[in-house]
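Hi there,

Here is the structure I promised to pass on.

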Amino acid sequence: MRRERSGWKAARLITAFLLLLLHFETSLVAAQSPRSSSPWKTLSGVAPLVVAKGGFSGLFPDSSDFAYQFTKDASSPDTISWCDVQLTKDGIGLCLSDIKLDNCTNISEVFPDGKKSYVINGASTMGWFSVDYDDRSLSNVFVIQGIQSRTDKFDGSNFTILHPQDVDSLVKPAPLWLNVQHDIFYSEHNLSIRNYILSLSKNIPVSYISSPEVLFLSSIASRFKKTKTKLFFLFLDEEVREPSTNETYGSLLKNLTFIRTFASGILVPKQYIWPVTADLYLQPRTSVVSNAHKAGLQIYVSGFVNDAVLSYNYSYDPLAEVLSFVDNVDSDVDGIVTDFPITASAAIGCYSHSSKNNSRKGNPVIISHNGASGVYPDCTDLGYQQAVEDGADIIDCPVQLTQDGIPICMSSINLMDTTNVAASEFRSRSSVVPQVQSTLGVFTFNFTWEEIQKNLKPVITNPEVIYRLSRNPRNKNSGSYMKLSDFLTFSKSKALSGILITIEDAAFYAEHIGYSVIDAVIGALKDSGYSNQTIQQVMIQSTNSSVLVKLKQQTSYKLVYKFDEFISDVDKSSLSDIRSFANAVSVSKQSIYPTSQLFITGQTDLVKSLQSAGLAVYAYLFKNEFVYQPWDFFSDPTVEINSYVQAIGIDGIITDYPATAARYMRNSCLKLGRRQPNYMKPVSGGQLLGVLAAFPPALAPMPILDATDIIEPPLPAVSSRPLNTDSAAAPPTPSRALPCTCASSFQFLAMLVGIALL
C-alpha cells in the first residue's frame, strides 16, 4: 500500500511539473468569436463535425470493418472515425470498444479459461483482457455486437480485430480519432500506450487523440504542439475522480483554463450541456459550451445513440436531440460523437437553421393519428392543438357514438383502450360483445357523453409498453375529449388543409344499437358549415366499402378506403372496384416494405399499382419509438419517412408524431435532387440482407387483394331503439339481444394489471 501511494504521489508530481512547463510554453488563447457571417456558433464558425464511435456501431459491431466502411457510405464525407485503443501484451494497438474483451468479442469461446481479475480505476474487474494475449494469438478472435438490444445477425461474419492502421486504410482520407481510456492500467502492466501513440503517429495521420487522464495528455502535449493533431480531454461523470489529479471531473470543469494548457478541446457527456431530471425531462441548458469557447477550447459531445430512451422532450426523435446541440442562437457544440453518424450528419447538413415558417416542399401531406398521440392522449383537445402546432396538414377524428347518440372523437370503441375506466367505478359496465370484439370491454355506447366527460380521464397510449417505453408520462392523463362538433369547430378555426373522419362499426351501430353513425357524421358536418365550404378538404375513411358506397351516394367528400391487412398488391379488376367508391387508400407500411425480424426483405409494387389507378396512397402508421423501426432505417424515424417519400412516393404520412414528419418536409436537402448527400439517400428494400451472416425467416407470401375482399353487402337498416333506461343502474341493453358475457373477477384483475403496466 505504501509503495502504491508513493507511486501515485510521484505521478502527481510529474503531472504538476509537466503542466508547469506547458503553462510557460502555451499562451492562453483568448476566446475566439465565431465568424460573424457564419450561421454556426461553433468556436471556429464552421459546421460541427460528426464522430462515428467505432464506425457505424449503432448497426454493426463496434470497431468492425463493416462499421467503418458503412460510415463512409451513409455519413458526411468528413465524418471522423473513432478507435478505442487497447494494447496487447506485446505492445500492439487494437481498436476495441471495451477493455473487457468479452464485452465486444467472442474471446470467451476461443479462450474459455482466460478469465482473470484486475483492478481498473480502483475497482476489481473480472473478464478477458488484451494484456494477457499477444497480437498473433488474437487473430482467431472476432468482434461481435456488444449491446444486447441491438441485432446480432452480423456476428457470424467473422470480423477480425482491427488495428488503427487498418482503420486508417478503410476510412482515408477521412480523419482518425484515437481514444486512450486506460493509460494507467497499461502502465501498471509495463506497457506504454504513450510510446505506441507517438510511434503510430509517425506512420499514419492521427487527427484527434482523447483521454480522461490528465497525466497521459500532458505527457504527449508538447510532442503534438506543432502538428495538426488535436488533443481532447474526455470528461467522465462529474462525481468521478480523475486518477492523476484526484480531482472530480466536475471540479476540473470549473477550471477550463487549466485544461487549455494541455488540450485544444474537451469531450463531455451530453448531460453536461442538457441535464435531465430523474423522470427524463430536460432542465435548463448550462453554460458549458460558451464557457469552453471563452477558454479557447472546442467542445465535442458524446453519448448520442438512436436506440435508447431519450428525454421525453425529444419524443423519441434522435434527430431532434442532435439539433438541440448544434442549432442554437448563442452557441453550438463543435462536434457530435455518435453510434449513428447518419442522424448527426443529416441534422447538421439538412435540418439546421430551418424555421417552422420555411415553405413546404410539396407532397406528401401529413395526417395526424388521433391527434399528436405520441405527445398527449388520443383524441384530446391538447393532442389536436399539438398536432396543429407541430405542422399537421390534416387532423383526424375517429368517430364513436355514445349511448345518447352523440358522435365523439375516440380512437377506440372500447374505453379500456384509451381511458381510466378500468380503474374506475364504471368497470362494472364491462362485458364481451362478440360483434365488436371477443375480449372484455367497456364500450362508448354504454355511456352518455356527460358520463364520459365528467367521470373518465384520458390515458395516453403506450404501444411499446412491452419494451417499457412510455410516452410523455407527465401528461399521460392530460387533456379533454371532444364531441365531433367541437372537433369541427376547432379544426375550422385553424390553418389546416383538411380533416379526416374515420367511421368503423357502422353496421353494428345500425343493427344493434339503433343509430346511424353515417347520418350523425353527415349531420355534424352540415351543422358546422363544412358541407358548403372549400377551404378545408373533408375526407372520410373506413375499412368497410359499404360505408364508403353509402357516403358516395349522399355526399361529395373525398373518401379513403383503409386496408386493414397486409397485402402485396391489388388485382386489376379490384382497382376499378375501389376507384368506384374511393379517391384514396390507406395502406400499412408492412404492405410496402415487408419485414422479417425487423429486416426489410424487399419492397412491393402496391403503391405503384394504386397510384396508376388514380388513387392517392397514405401510409400508416409512423411512430418514433426506435423499436418500431426496421434495422434498415437505423432506429431513426426520419430515415424511415425519407425512404417512403423518396423511394416509394407515398401521398400521405399518417403519424403519431406530426412534428417529425413536418420537420422532414422542411429540410433543405429535398430541393437538391440528385445532388443530395449520401445520408439523405432513401433506403432500398432488402439492402442489409446481402451482408447478413444469418438470414431471418422467410415471410409467408402476402395476399393479393381481389373482389371478394372488397365488395360488401349494403349496410343494414337502422333498427328501432328501446325506451331509455337509467344508465347508472346497469349497462344499457342494445336494441337487439346480443350474446353478452359479464366480466369475471379474474378478468377484472387482468384488466387492472394491464392498466398498471401502462
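The side chains of D84 and K53 form a salt bridge, with N and O 3.9 Å apart. By salt bridge I mean a side-chain nitrogen of Lys or Arg within 4 Å of a carboxyl oxygen of Asp or Glu. D84 sits in strand β2 (residues 80-87) and K53 in strand β1 (residues 49-53), so the pair ties together parts that are 31 residues apart in sequence. (Helices, H or I with at least four residues, and strands, E with at least two, are DSSP runs numbered from the N terminus.)

Before going on, a word on where this comes from: it's a predicted model, where local features need pLDDT of at least 70 and side-chain atom pairs count only at pLDDT 80 or more, while totals for chains, interfaces and linings use all residues. Residues are numbered from 1 along each chain as its sequence is written, and side-chain values use heavy atoms, leaving out hydrogens and water.

Back to that pair: is D84 buried or exposed? D84 is buried, at 8% relative accessible area, while K53 is partly exposed at 24%. Buried is under 20% relative accessible area, exposed is over 50%, and partly exposed is in between (1.4 Å probe, protein chains only). K53 and D84 also belong to a salt-bridge network together with D62.

In total there are 15 salt bridges. Another one joins D168 and K172, whose closest N and O atoms are 3.8 Å apart. D168 is buried at 4% relative accessibility, and K172 is partly exposed at 46%.

Then there's R285 with D330, at 3.6 Å between the closest N and O atoms. This pair links distant parts of the chain, 45 residues apart: R285 is in the loop between β11 (265-269) and α10 (288-294), and D330 is in the loop between α11 (318-326) and β13 (335-338). D330 is exposed, at 56% relative accessibility.

Now for some helix packing. The axes of α11 and α12 (residues 341-351) come within 9 Å and cross at roughly 60 degrees. Axes here are lines fitted to C-alpha atoms, for helices over the stretch in contact, with angles from 0 to 180 degrees between N-to-C directions. Which residues of α11 and α12 make the contact (heavy atoms within 4.5 Å)? On α11 they are P318, L319, V322, L323 and V326, and on α12 they are T343, A344, A346, A347, I348 and Y351.

Cheers!

Terms used:
Contact means heavy atoms within 4.5 Å.
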